[in-house]
Amino acid sequence: MNLAAASATANPHNPWLAHTVRIDRIVKETPGVATYDLVFEDAAVRKKFTFRPGQFNMLYLPGLGEIAISISGDPNQTGRVPHTIREAGNVTRTLAELSVGSTIGLRGPFGAWWPVDECVGRDVVLVAGGIGLAPLRPVIYDLLSDRERYGRVTLVIGAREPAALLYPSEYDDWIRAGLDVQVTVDRSVGTWHGNIGMVTALLHRLPLPDPGNTLLLTCGPEVMMWYTVQGAMERGLKAESLYVSLERNMNCAIGLCGHCQFGPQFLCKDGPVFRYDKVASIFKVDDL
Amino acid sequence: MTMEQPNLLKILSETRFADGLPNKHLQSICRAARLLRVPAGQRLFQEGSAEDEIFVISSGHVRLTMNVPGRGEVPFLTAGPGDLIGWSSVIGEGRMTATAVSTEDSTLIALSGSRLRELCHGDADLGFELMKRIAQVLSQRLLSTRLQLLDLFGDAGAKS
Amino acid sequence: MTRSDANDVDHPKSGGTRQLTRFLDRQDLEVLIQRLTDDGYQVVGPTVDQGAIVYGDITTSADLPIGWTDLQEAGRYRLQRRDDDAYFGYVVGPHSWKKYLFPPVTVVASADRTEVGWQMSTPDETPPRYAFLGVRACELAAMKIQDKVFTGGPFVDPIYQARRNAAFVIAVNCTQAAPTCFCTSMNTGPRCSSGFDLALTEVVDGFLVEVGSDAGNELIQRLPVTEATSKQLARGETSRQQAVDQITKRMDTGGIQSLLMDNLRHPQWQDLATRCLSCTNCTMVCPTCFCSSVSEVSDLTGDHIDRERSWDSCFNIDFSYMNGGPTRNSIASRYRQWLTHKLATWHDQFGTSGCVGCGRCITWCPVGIDLTQEVAAIRSSPGLKADDIERDASSNGEAAS
């Protein structure tokens with residue numbers, strides 16, 4: 001007689017179960033973009049929660065739904081889990097109206113992460129476009145926490161205009177800690193004295209003493225990532241050393257609902273971070 | 001050959017623009033070139049004016065702007081080491097399509113457009129190598145401009 | 001209860017030791033149903049309803065489609081009376097067993113507003129214990145495929161897992177095939193070889209019964225069965241062979257992964273877009289399709305929210321919605337997604353094809369699209385790219401169109 005009937009909550013790892021988190025701090029970053037520091041209400045969960053750079057959580061507003069948000073904090077720090085979020089739809093706009101102390105739900109972390117281990121002993125170029133800097137910031141913290149293990153580390157940041165630059169107050173800290181930070185904007189406003197142009201133009205000019213041994217990690221609009229990757233290969237970086245972070249409709253985040261598929265890949269478990277050569281053949285197929 | 005020339009050759013040869021150029025071509029080009037060191041805020045050329053010089057940036061940065069009545073000087077691109085600006089003096093009618101002003105102390109190699117054209121007519125191989133490099137710069141510039149036009153970081157483009 | 005055969009780890013009902021084939025008299029099918037009901041199972045199986053053979057509750061054997069058969073072809077399904085009283089004289093209808101294991105609508109989690117903030121929980125109900133009566137070989141294969149999807153990955157769906165673990169499977173060997181069947185091309189049938197507790201083959205005066213698991217073995221001890229005679233065995237063999245002989249549809253699956261993935265810009269996708277209505281019928285009737293969406297269902301107070309998972313379909317235009325618009329904004333791209341997933345990328349994801357050759361999608365497509373013909377069309381003209389100018393064959397090695 002076949003009687004094994006495990007009830008759902010008896011299974012401690014029910015992947016549909018969200019934990020309660022409290023908004024501990026809200027930092028307004030740029031117009032329409034804010035960082036929410038979330039803290040697990042359950043102390044045991046709070047202690048156990050760890051993530052790798054590039055992973056994301058599903059943040060849950062009951063009655064509205066879930067959204068997939070990259071974790072944008074320091075993976076070596078537990079307690080507060082920061083998420084930089086841009087207002088784009090119902091859930092994010094309602095979230096923007098919540099205040100410190102409000103509770104929401106969280107499932108995670110999910111997804112494939114940036115290859116920080118592979119960066120050891122090598123030069124690294126990080127190319128971030130717009131809010132794409134948020135999923136790369138954990139990499140920056142990770143690299144800077146042990147700076148001598150890595151070679152030259154360059155961060156190229158692109159944004160629409162100076163006011164849209166993310167985390168500008170940290171750039172000097174990062175420079176002091178050993179990062180080469182280069183910033184560019186699509187259009188200049190008023191008193192901007194820095195670069196104007198796409199990140200691809202900066203990448204084109206970047207000194208790369210050892211391109212065959214350099215990794216490039218990029219996150220931003222897909223078109224930007226495509227041309228960044230092409231430009232990197234023109235400079236001699238190998239396809240197996242390039243990493244992108246892709247995005248598709250995310251619903252369950254646990255590989256069961258089918259929404260996030262991109263060719264054979266489930267972005268929620270095979271991605272969102274991909275080594276470029278693994279997605280190269282389907283990257284530019286329209287409407288895939 | 002002035003005292004500057006050996007220095008000029010070396011500086012030019014180290015730019016990405018000159019990457020792969022055989023030495024004999026480098027020397028020919030240097031005959032049409034002068035070294036220019038400019039402070040921040042130096043205008044190199046004015047939009048609309050007919051100029052003869054084309055510039056290769058060795059170090060420093062130059063901001064390109066266009067004048068729009070009512071909006072003033074609108075900056076649209078920053079050129080940096082290895083970039084070429086003022087290409088209109090070699091290609092086209094010679095009227096500059098932008099105003100170029102250095103944003104910091106910069107070192108540039110200024111090349112005479114008319115003398116370069118003479119050199120190219122006389123040496124097809126040099127002409128090909130030069131035009132190829134100018135075309136590459138322009139193609140790179142065009143891609144960057146298109147990407148800026150797409151406004152990728154606007155509302156519809158950025159990650160949520 | 002003991003699980004047999006540790007090698008078949010991805011599937012709860014493995015072959016076990018092959019035992020003697022038994023024979024169950026026709027009228028004793030009722031006893032089987034009764035034993036299962038007494039054991040606490042909800043017996044479900046084929047019934048006649050709304051002009052089709054669909055899965056529903058079976059309280060007595062009279063609930064089965066006795067004397068009915070189905071006439072199926074691309075875009076057409078009709079029932080017709082047989083000239084005998086066969087219990088299982090038809091193939092498969094619009095339902096598959098996924099309606100029980102992967103319910104069309106189900107609550108996966110809930111949220112309650114409390115003084116200490118939102119508290120989330122997951123359902124704590126005992127899952128239903130189904131006895132599936134009449135599972136065909138293609139459906140056994142489909143269940144194995146969905147087992148991998150729902151329980152074989154890094155995250156297990158507890159709802160599917162609980163129902164699957166509790167289910168008792170009585171398979172039925174097909175004795176006929178429809179023009180839409182192509183299980184032989186997909187190596188999934190028509191013979192049931194594993195994945196069942198008991199397997200029946202209908203013959204004129206009863207059923208041959210094979211045991212496929214310890215649970216099946218336990219039940220058969222309590223049924224009025226006899227050892228099958230060689231005559232009965234021969235009749236069973238003849239019946240099963242009839243199914244094999246009646247299969248006419250074929251799909252050539254040789255190199256199908258690269259065939260489809262190397263032809264993502266083939267004009268056939270545009271051609272399909274002139275016919276496909278993007279109606280999602282195929283995904284609903286397909287026994288392996290698993291796409292779903294979770295939506296929020298609130299009570300009147302707004303203090304209790306259920307997270308309801310419903311079947312969804314990659315054909316729905318919003319399925320791929322992101323940042324202002326769907327990424328698959330054309331019928332051509334959505335059909336391409338479905339077919340390339342089902343026949344090609346499923347291999348990358350789960351190690352097998354996603355198709356079991358049941359033919360439901362062909363029957364239930366309102367415009368009669370036959371995926372086997374679509375594959376054949378691409379196979380007959382690989383390398384074409386829609387809207388491309390004719391290129392010089394010598395310069396790029398592609399065949400001139």
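Tutor: Two strands pair if DSSP finds at least two bridges between them; helices (H or I, at least four residues) and strands (E, at least two) are DSSP runs, numbered from the N terminus. This is a predicted model, where local features need pLDDT of at least 70 and side-chain atom pairs count only at pLDDT 80 or more, while totals for chains, interfaces and linings use all residues. Residues are numbered from 1 along each chain as its sequence is written, chains are lettered from A and ligands numbered from 1 in the order in which they are written, and side-chain values use heavy atoms, with hydrogens and water left out.

Student: Thanks! Which residue in β5(A) is the bridge partner of Asp37(A)?

Tutor: β2(A) pairs with strand β5 (residues 81–86) of chain A in the antiparallel sense, over six bridges. Within β5(A), the partner of Asp37(A) is Pro82(A).

Student: How many residues of strand β2 of chain A are buried?

Tutor: Buried means under 20% relative accessible area, exposed over 50% and partly exposed in between (1.4 Å probe, protein chains only). Val33(A), Thr35(A), Asp37(A) and Val39(A) point one way from β2(A), with Ala34(A), Tyr36(A), Leu38(A) and Phe40(A) pointing the other way, and all are buried. For strand β2 (residues 33–40) the count is therefore eight of eight.

Student: And which residue stands opposite Thr35(A)?

Tutor: Look at strand β1 (residues 19–30) of chain A, which pairs with β2(A) in the antiparallel sense over eight bridges. The two strands form a hairpin with two residues between them, and Gly32(A) in the turn has a positive phi of about 85 degrees. Opposite Thr35(A) stands Val27(A).

Student: What radius of gyration does chain A have?

Tutor: The radius is taken over C-alpha atoms, and the globule rule is 2.2 Å times the number of residues to the power 0.38. Along its principal axes the C-alpha trace of chain A spans about 65 × 45 × 40 Å. A compact globule of 288 residues would come out near 19 Å, which agrees with the chain A value of 20 Å.

Student: Among contacts in chain A between residues at least 6 apart in sequence, what share joins residues at least 24 apart?

Tutor: Contact means heavy atoms within 4.5 Å. Chain A holds seven helices and 15 strands, and 62% of its residues count as buried. The share of those contacts that join residues at least 24 apart is 69%.

Student: Is Leu267(A) buried or exposed?

Tutor: Leu267(A) sits in the loop between β14 (265–266) and β15 (273–275) of chain A. Beyond its neighbours within four places in sequence, its contacts include Leu246(A), Met250(A), Cys260(A), Phe262(A) and Phe274(A). The C-alpha atom of Glu247(A), 20 residues away along the chain, is 7.1 Å from that of Leu267(A). With a relative accessibility of 1%, Leu267(A) counts as buried.

Student: On to chain B: how are α2(B) and α4(B) placed to each other?

Tutor: Axes are lines fitted to C-alpha atoms, for helices over the stretch in contact, and angles run from 0 to 180 degrees between N-to-C directions. Helix α2 (residues 23–30) packs against helix α4 (residues 124–149) of chain B at about 85 degrees, with the axes 11 Å apart. Lys24(B), His25(B), Ser28(B) and Ile29(B) in α2(B) meet Asp125(B), Leu126(B), Glu129(B) and Leu130(B) in α4(B). Angles under 35 degrees count as roughly parallel, over 145 as roughly antiparallel, 65 to 115 as roughly perpendicular and the rest as oblique, so the two helices are roughly perpendicular.

Student: In chain C, which are the edge strands of the sheet of eight strands?

Tutor: This open sheet has mixed pairing and the order β3-β2-β8-β9-β10-β11-β1-β12. Strands β2 (residues 42–49) and β8 (residues 130–135) run parallel and are joined by three bridges, with Val43(C) partnered by Ala131(C). Each edge strand pairs on one side only, and the two are β3 (52–57) and β12 (225–227) of chain C.

Student: What angle does α3 make with β8(C)?

Tutor: Helix α3 (residues 137–151) of chain C lies across β3, β8 and β9 (168–172). Its direction relative to β8(C) is about 135 degrees.

Student: In the sheet of four strands of chain C, which residue is the bridge partner of Thr114(C)?

Tutor: That open sheet has the order β7-β6-β14-β13 with antiparallel pairing. Strand β6 (residues 105–114) and β7(C) pair over five bridges. In β7(C), the partner of Thr114(C) is Gly117(C).
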